[in-house]
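Keep the viewer open as you read, and take the points in order.

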Amino acid sequence: MRGWMNDAKSYIRPVQIDEVFRANGVGTVVESNSPDFKVGDEVAGGFGVQQYAVLDAKEVSRAAISKIDLSKGTPEQWLNVLGMPGMTGYFGLKHVGLAKAGETIVVSAAAGAVGQTVGQLAKIYGLRVVGIAGGPTKCNWAVNELGYDACIDYKCPNTTVKDGLKTHCPDGVDIYFDNVGGEILDTVLTRINKRARIVICGAISQYNATSPIQGPKNYLSLLVNRARMEGMVVFDYAHQYADAVHEMSEYLADGRMKSKEHIEEGIDTFPDSLNILFSGKNFGKLVLRV
């Protein structure tokens, strides 16, 4: 969301002043002239930050509005594991990270919306999973509830991320799923193995930077280790979302996956709620209930 405010070339045009702010949502159809949707249908898509959305046929297509099945997950889960964060984690891990059983993956923002999906799927697929998160509560949750093998607290005053990686990744790192960029990315690059894959999903440490964006200082480790760093945008996999939803809804149903959301109330709280993302105070996928 933060990147959409920048007036710069990106994978999607920036949100303009006086436009409804872009956001995915779930809701119920209250009126319809479309043969594809009837009153009472539960739907998800790019509705924006508003209580009601009025869309013509072209806008329905552009916003990727689709029906959702609440027997597969709650509305909140359709914004999390079964929504864009879950799709990002799923395709980033499988198609960009090329996860293989027996490998070691490190996941930054491990307790966040994307991180929680990546970590749980990696365990299901047979990887050793080490998370990085801020604070003992998030780290304990990642290990005790999500099944991470270990979680490094980057806020801990008594140790460093570098020390944590030495302890918990003694055989190096095969995949790094990066949600934060900055110093943590640089540190992980010092521990990667030959043919490692670095999935560039986000860089939340850099989004509000007032100075030039900090690129990786240890990028030569990619050369030495014949490693690959690749960005991913979830929209590239839209034609495969149904497959991911089918697989992960089964994991939710049988208890192999969990979905944690941080819920804020009221559309008027949106500006303050959005800023929670950059303080790290949210615990799980941030959802605004309007």
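How are α3 and α9 oriented relative to each other?

1. They are roughly perpendicular to each other, a label for angles of 65 to 115 degrees. The axes of helix α3 (residues 84-96) and helix α9 (residues 241-254) cross at roughly 100 degrees and come within 10 Å. Axes here are lines fitted to C-alpha atoms over the stretch in contact, with angles running from 0 to 180 degrees between N-to-C directions.

2. Before going on, please note that this is a predicted model, in which local features need pLDDT of at least 70, side-chain atom pairs count only at pLDDT 80 or more, and totals for chains, interfaces and linings use all residues. Residues are numbered from 1 along each chain as its sequence is written, and side-chain values use heavy atoms, leaving out hydrogens and water.

3. Back to the helix pair: α3 and α9 cross at roughly 100 degrees, and their contact (heavy atoms within 4.5 Å) is made by G86, M87, Y90, F91 and K94 of α3 together with Y241, A244, V245, E247 and M248 of α9.

4. Now look at T117, which sits in helix α4 (residues 113-124). T117 is buried, with a relative accessible area of 0%; buried means under 20% relative accessible area, using a 1.4 Å probe and protein chains only. Apart from neighbours within four places in sequence, T117 is in contact with V81, G86, G89, Y90, M248 and M257.

5. Helix α7 (residues 182-189) is mostly covered, with 7 of its 8 residues buried. Among them are I184, L185, V188 and D186.

6. Two strands pair if DSSP finds at least two bridges between them. T28 has E42 in β2 as its bridge partner. On β2, V43 is partnered with K67 of β3; β2 and β3 (residues 66-67) run antiparallel, joined by 2 bridges.

7. Finally, the whole protein. Its secondary structure comes to 10 helices and 11 strands, counted as DSSP runs (H or I, at least four residues, for helices; E, at least two, for strands) and numbered from the N terminus. The radius of gyration is 19 Å, close to the 19 Å that the globule rule gives for 290 residues, so the protein is as compact as a globular protein of that length. That radius is taken over C-alpha atoms, and the rule is 2.2 Å times the number of residues to the power 0.38. Of the 290 residues, 46% count as buried.

Key:
Parallel < 35°, antiparallel > 145°, perpendicular 65-115°, else oblique. Buried < 20%, exposed > 50% of the residue type's maximum accessible area, 1.4 Å probe, protein only.
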